[in-house]
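Open the model in your viewer and keep the selection tool ready. Each stop says what to select and what is there.

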Amino acid sequence: IRDTLAGAGVPMFKNDLSERAAYRSMFTFRQSLEEMDPAAVNGLDKAMENADALVAEIIDSLRGMRKAA
């Protein structure tokens, strides 16, 4: 799907949320990534890095749109 959209010229973020146990655990424990215990949730550190990278990219994109307006 991603390749098809990119081939059609649809703008895409470089980062996305990977399928991770930590994201599923947010619903199980009803906690944010920051609230969960790293000892209880597998791959929490990588999930946080992944989410931070996506958020940074979204913020940069929005700032770029704001400057262009």
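**Stop 1: helix H3**

Select Leu44, Ala47, Asn50, Ala51, Leu54 and Glu57: in H3, these residues are buried. Buried means under 20% relative accessible area, exposed means over 50%, and partly exposed lies in between (1.4 Å probe, protein chains only). Helices are DSSP runs of H or I with at least four residues, numbered from the N terminus; strands are E runs of at least two.

This is a predicted model: local features need pLDDT of at least 70, side-chain atom pairs count only at pLDDT 80 or more, and totals for chains, interfaces and linings use all residues. Residues are numbered from 1 along each chain as its sequence is written, and side-chain values use heavy atoms, with hydrogens and water left out.

Now show H2. It is part of what covers the buried residues of H3.

Next, check the length of H3. At 1.5 Å a residue, its 25 residues should span 36 Å, and its end C-alpha atoms are 36 Å apart, which agrees. The expected span is 1.5 Å times one less than the number of residues in the helix.

**Stop 2**

Select Asn50, in helix H3. Asn50 counts as buried because its relative accessibility is 10%. What does Asn50 contact, leaving aside its neighbours within four places in sequence? The partners are Asp16, Leu17, Ser18, Arg20 and Tyr23. Contact means heavy atoms within 4.5 Å.

Move along to Glu57, also placed in helix H3 (residues 44-68). Glu57 is buried yet has no salt bridge. Which side chain of opposite charge is nearest to Glu57? It is Lys14, 6.1 Å away. For charge, Lys and Arg count as positive and Asp and Glu as negative; His and the chain ends are not counted. Glu57 touches Phe13, Lys14 and Asn15, not counting residues up to four places away in sequence.

**Stop 3: the salt bridges**

Side chains of opposite charge can pair when their charged atoms come close. The rule used here asks for a side-chain nitrogen of Lys or Arg within 4 Å of a carboxyl oxygen of Asp or Glu. By this rule the count is 2 salt bridges.

Select Arg2 and Asp16. Their side chains meet in a salt bridge at 3.7 Å, N to O. This pair links distant parts of the chain: Arg2 is in helix H1, Asp16 is in the loop between H1 and H2, and they are 14 residues apart. Arg2 counts as partly exposed because its relative accessibility is 37%. Asp16 is partly exposed too, with a relative accessible area of 38%.

Then select Arg24 and Glu19. Here the side chains form a salt bridge at 2.6 Å, N to O. Glu19 counts as exposed, at 67%.

**Stop 4: a nonpolar patch**

Show the surface and select Ile1, Leu5, Val10 and Met12. They make a nonpolar surface patch of about 370 Å². Patches are made of residues with over 30% relative accessible area and no salt bridge; like charges are joined within 9 Å, and nonpolar side chains (Val, Leu, Ile, Met, Phe, Trp, Tyr) within 5 Å. Accessible areas come from the Shrake-Rupley method with a 1.4 Å probe, and for residues only the protein chains shown count as cover.

Stay on Val10. Val10 lies in the loop between helix H1 (2-7) and helix H2 (21-29). Val10 counts as partly exposed because its relative accessibility is 35%.

**Stop 5**

Select Phe29, found in helix H2. Phe29 counts as partly exposed, at 41% relative accessibility. Draw a distance to Val10: the two C-alpha atoms are separated by 36 Å, and the residues are 19 apart along the chain. Phe29 touches Met36 and Val41, not counting residues up to four places away in sequence.

Step to Arg30, in the loop between H2 and H3. Its phi is near 55°, a positive value in a residue other than glycine. Most residues other than glycine have a negative phi. Arg30 counts as exposed because its relative accessibility is 74%.

Gln31 is placed in the loop between H2 and H3. Gln31 counts as partly exposed, at 31% relative accessibility. Gln31 touches Met26 and Met36, not counting residues up to four places away in sequence.

Finish at Ala39, found in the loop between H2 and H3. Ala39 counts as exposed, at 75% relative accessibility. Ala39 and Ala21 are 18 residues apart in sequence and 13 Å apart in space, C-alpha to C-alpha.
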